[in-house]
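Here is a walk through one model, written for someone who likes to know the cut-offs behind each label. Have the viewer open as you read.

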Amino acid sequence: MKNFPSKSHPCSHHHTQESQNQDTRKQKETIKEEEEERARCEWDFSLSTIVSSSNDNNSTASISDALGVIEFDETNSIIATGGIARKIRIYSLESLLPHESTSQDVHDTIFLDHARARHYYICTPAKLSSFRWKPRSDGRVLGSGDYDGVVMEYNLERRIPIFERDEHGGRRVWSVDYSHCDPTMGASGSDDGTMQMWDTRSDSGECVATVQPSARRSAVCCVEFNPFGGPIVAIGCADSKVHGYDLRMIADPVFVLDGHRKTVTYIKFLDNATLVSASIDGCLKLWNSDNSNVIRTYHGHVNNRNFVGLSVWRNGGLLGCGSENNKVFVYDKRWSEPVWVHESSPMGKDGCGSGFVSSVCWRQVGEDQCTLVTGGSDGALQVFRGKRKTRTG
């Protein structure tokens, strides 16, 4: 049998190339594993403060105090919370982190109650599902959406409502937001299947535009204007999709992000073109809105029924969300698995293990240190501090 020398073997080049490709793949996988390991070990988190509703004289056992929304103001020093108890509670970050101005060990957890920790509260006519600080109002105006389908604005200096709009036919408003290009322009998403844009300069809240993203009039569960000043507003719906509209031409969506299997409950801009969505299919997704592709899917938390909160810390590239197993999850945008998980009290307020983390919010400051505030279905508020570990080697 005739033997061919190796240098003239027709498959030798193919085998060499395949070996090189395998080596390249292995190198890439090694680099990826190293990056993932760094992401997992890059942060130290600690629980700084727990604010309980158990000692709040204004709470009663017959009224749930679940916290559905937490928002920092533009200065990142004031926090507003709201939920089922028909109250907007206002806190200063200083009151929630008293040990930062004392000699107390920062690793000690402070225990407070709402009555002592808050600055004040405002009673609302209905349960609150959402609110947002109005841009350029110097922290004086807070917009809210409620279970009765009403959008309101509150003047926090005078502690009174200054604007009211009821155009969703009494159907629950799930989300409200303001345009960062024009803060007089607001939007609300509702169970009636529409996102409505309105002008707060009009006493009647004149409707500027109405969008029905789903042909089946699926509920609009979240609305967010591009916070970087772009003309895009993103809408998450019960049709399992995220619809993006250009405010200059709002008749048809400019992108549709289709990848979730169930209702989209939250949508957040991470940067001008990258968005993060949450769904009751139990995952988060990172999207490139320019091509409508999924960049990454995040798994670990439990979410198949409730709104559990979603917040992004843009400076650090971290995502935070709650979970129906009463845990707080933090994801690094670079990795699909959580980089940190904290379990709250394993039992719910009723002692039957029914509690869950229902809202989260990052403070948008810093790069090497961060603050995450979470709220629970039992009404408890928790403040976590994170610190980037010093790199060695």
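## The cavity

The model is predicted: local features need pLDDT of at least 70, side-chain atom pairs count only at pLDDT 80 or more, and totals for chains, interfaces and linings use all residues. Residues are numbered from 1 along each chain as its sequence is written, and side-chain values use heavy atoms, with hydrogens and water left out.

β3 gives the most, with three residues. By class the lining has four nonpolar, three polar and three charged residues, where Ala, Val, Leu, Ile, Met, Phe, Trp, Tyr, Cys and Pro count as nonpolar, Asp, Glu, Lys and Arg as charged, and the others, Gly among them, as polar.

## The sheet with β3 and β4

Both of those strands belong to an open sheet of four, in the order β2-β3-β4-β6, with antiparallel pairing. Two strands pair if DSSP finds at least two bridges between them. β2 (67-72) and β6 (120-123) stand at the edges with a single partner strand each, so one side of each has no neighbour in the sheet. On average, neighbouring strands of this sheet are turned by 20° against each other, direction ignored; the axes are lines fitted to C-alpha atoms, and angles run from 0 to 180 degrees between N-to-C directions.

Four bridges join β4 to β6, and the two run antiparallel. One to look up is I88, whose bridge partner in β6 is I122.

## The sheet around β13

Another open sheet has four strands in the order β11-β12-β13-β14, again with antiparallel pairing. At its edges stand β11 (173-178) and β14 (207-211), each with a single partner strand, so one side of each is left without a neighbour in the sheet. The twist from one strand to the next averages 15°.

β13 (residues 195-199) is joined to β14 by four bridges, and β12 (residues 185-190) is joined to β13 by five. M195 has V211 as its bridge partner in β14. In the hairpin of β12 and β13, four residues lie between the strands, and G193 takes a positive phi near 85°.

Is β13 mostly covered or open? It is mostly covered, with five of its five residues buried (buried means under 20% relative accessible area, exposed over 50%, partly exposed in between, with a 1.4 Å probe and protein chains only). M195, M197 and D199 point one way from β13, while Q196 and W198 point the other way.

## The nonpolar core

A nonpolar core is a set of buried Ala, Val, Leu, Ile, Met, Phe, Trp, Tyr and Cys residues joined through side-chain atoms within 4.5 Å. The largest has 17 residues, of which F45, L318, V330, W340, W362 and L372 touch the most other members. β1 (43-52), β25 (327-332), β26 (338-343), β27 (357-362) and β28 (369-376) each supply at least two residues. β1 gives the most to this core, with four.

## Two positive phi values

Most residues other than glycine have a negative phi. R86 is not a glycine, yet its phi is positive, about 60°. R86 sits in the loop between β3 and β4, and at 35% relative accessibility R86 counts as partly exposed.

R159 also has a positive phi, near 60°, and is a residue other than glycine. Its place is in the loop between β9 (151-155) and β10 (160-165). At 44% relative accessibility, R159 counts as partly exposed.
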